[in-house]
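Dear colleague,

Please find below the structure that I am handing over to you, together with its sequence. My notes on what was found in it follow.

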Amino acid sequence: MRENVIIKALSGFYYVQTPEGVMECKARGKFRMDGTSPLVGDKVVCSKDQNGKGRIDKIEERKNFFIRPAVANIDCLVFIAANTNPVTDPFLVDRVSVIAEDAGCELVICVNKTDIDKGKELVDIFELAGYKVLAISAKTGEGLEELRECLKGKISAFTGNSGVGKSSILNMLMPGVNIPVGEVSEKLGRGRHTTRHVELYSIGEDTYIADTPGFASFDIEMMNVIPKEDLQFDFIDFAPYIGKCRFNNCAHLKEPGCAVREALDNGEISQSRYNSYVRLYELSAQHKSWELNK
């Protein structure tokens, strides 16, 4: 990238990709004083102190940022799902889709392990919603070139429930990096978390991807900042119907004359997506307005 970008943060040190190479830096003390901490993905201004040590002097304005995982300026969220051990609950994808939409990120959904199970139900749900869905296999390489094309020129973050093959896919995209791969527990149906920190990896000019520690990183608490009234705008498949309900303040739950529910009945919105909306609406409704603005 032409800008200086933090590609890794570890033990108080920040590793910044510059046009001249990677510079190890410490952050200036002022960031602790004003409560701003540099994040992986931040575009920064760096210098060297009198001892030749790297130092981050300024953090440029962020496009977006996440608390868990601690990463900034993400252009695209890539959710890795699977319909075989472990099976991905569509609600997890919907939860991340709302986070992505609220942060202004593109969302790409990859259904992995298609050499074992094509995951047609997952593909159908999210293609109907309007998302880019790729059928891929880390084992055979199916769909990986199409995925690589989707990532060009972007900073992308990978997430998904543990054991679905995130690390295997990253290893296919970046031979030689050798990100540890966790075994899937047959008894529990989930994998061990193998990623301990967020790091950006280059897969070509101006293209970086971040490995993040499993779906638990996108904690449901992240949803608390989205008021229930605004949640409808983060479901992209609701967009053609918003504003067409009988009542202006329609919550799309049980109100008569609801255009969203009519679209659901007509098969234009999937039942799975609508169920996730209701579930997230109810979770958001549990929080008071002052809690949403913390």
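This is a predicted model: local features need pLDDT of at least 70, side-chain atom pairs count only at pLDDT 80 or more; totals for chains, interfaces and linings use all residues.

I begin with valine 96, which counts as buried because its relative accessibility is 3%, under the 20% that sets the limit for a buried residue. Valine 96 has its place in helix α2.

The C-alpha atoms of isoleucine 99 and aspartate 234 are separated by 7.9 Å, with the two residues 135 apart along the chain.

Overall picture and confidence

The protein chain comprises 294 residues, of which 48% count as buried. The chain has 8 helices and 15 strands. Among contacts between residues at least 6 apart in sequence, 63% join residues that are at least 24 apart.

The mean pLDDT of the protein chain is 84, and 85% of the residues score at least 70. Two stretches call for a separate remark. The pLDDT is below 50 over residues 183-195, a stretch with 33 contacts in the model beyond near neighbours in sequence. The pLDDT is likewise below 50 over residues 214-224, where the model has 38 contacts beyond near neighbours in sequence.

Two packed helices are described by the angle between their axes and the distance between the axes.

Helix α2 (residues 90-103) packs against helix α3 (residues 120-129) at an angle of about 30°, and their axes are 11 Å apart. Angles under 35 degrees count as roughly parallel, and α2 and α3 are therefore roughly parallel to each other. Their crossing is right-handed. On the α2 side, Pro90, Val93 and Asp94 take part, and they meet Leu122, Ile125 and Phe126 of α3. By class, this contact has 5 nonpolar residues, 1 charged residue and no polar residues.

The second pair is α2 with α7. Helix α7 (residues 271-285) and α2 have axes that come within 10 Å and cross at roughly 65°. The crossing of α2 and α7 is right-handed. From α2, the contact is made by Pro90, Phe91, Asp94, Arg95, Ser97 and Val98, and from α7 by Ser272, Arg273, Ser276, Arg279 and Leu280. These residues divide into 4 nonpolar, 3 polar and 4 charged.

Backbone features in the loops

Most residues other than glycine have a negative phi, and most peptide bonds are trans. Which peptide bond is cis, with omega near 0°? The bond in question runs from asparagine 85 to proline 86. Proline 86 is placed in the loop between β8 (76-82) and α2.

Asparagine 73 is not a glycine, yet has a positive phi of about 60°. Asparagine 73 is found in the loop between β7 (71-72) and β8, and with a relative accessibility of 6% asparagine 73 counts as buried. Histidine 252, a residue other than glycine, has a positive phi near 65°. The place of histidine 252 is in the loop between β15 (208-211) and α6. Is histidine 252 buried or exposed? Histidine 252 is buried, with a relative accessible area of 1%.

An exposed loop residue

Lysine 118 lies in the loop between β9 (106-112) and α3. Lysine 118 is exposed, because its relative accessible area is 55% and the limit for an exposed residue is over 50%. Leaving aside neighbours within four places in sequence, lysine 118 is in contact with Val111, Val123 and Glu142. The C-alpha atoms of lysine 118 and threonine 84 are separated by 9.1 Å, and the two residues are 34 apart along the chain.

Yours sincerely

Technical notes
Residues are numbered from 1 along each chain as its sequence is written. Side-chain values use heavy atoms; hydrogens and water are left out. pLDDT is the predictor's confidence in each residue, from 0 to 100. Contact means heavy atoms within 4.5 Å. Axes are lines fitted to C-alpha atoms, for helices over the stretch in contact, and angles run from 0 to 180 degrees between N-to-C directions. Helices (H or I, at least four residues) and strands (E, at least two) are DSSP runs, numbered from the N terminus. Angles under 35 degrees count as roughly parallel, over 145 as roughly antiparallel, 65 to 115 as roughly perpendicular and the rest as oblique. A crossing is left-handed if the near helix is turned anticlockwise from the far one by less than a right angle, and right-handed if clockwise. Ala, Val, Leu, Ile, Met, Phe, Trp, Tyr, Cys and Pro count as nonpolar, Asp, Glu, Lys and Arg as charged, and the others, Gly among them, as polar. Buried means under 20% relative accessible area, exposed over 50%, partly exposed in between (1.4 Å probe, protein chains only).
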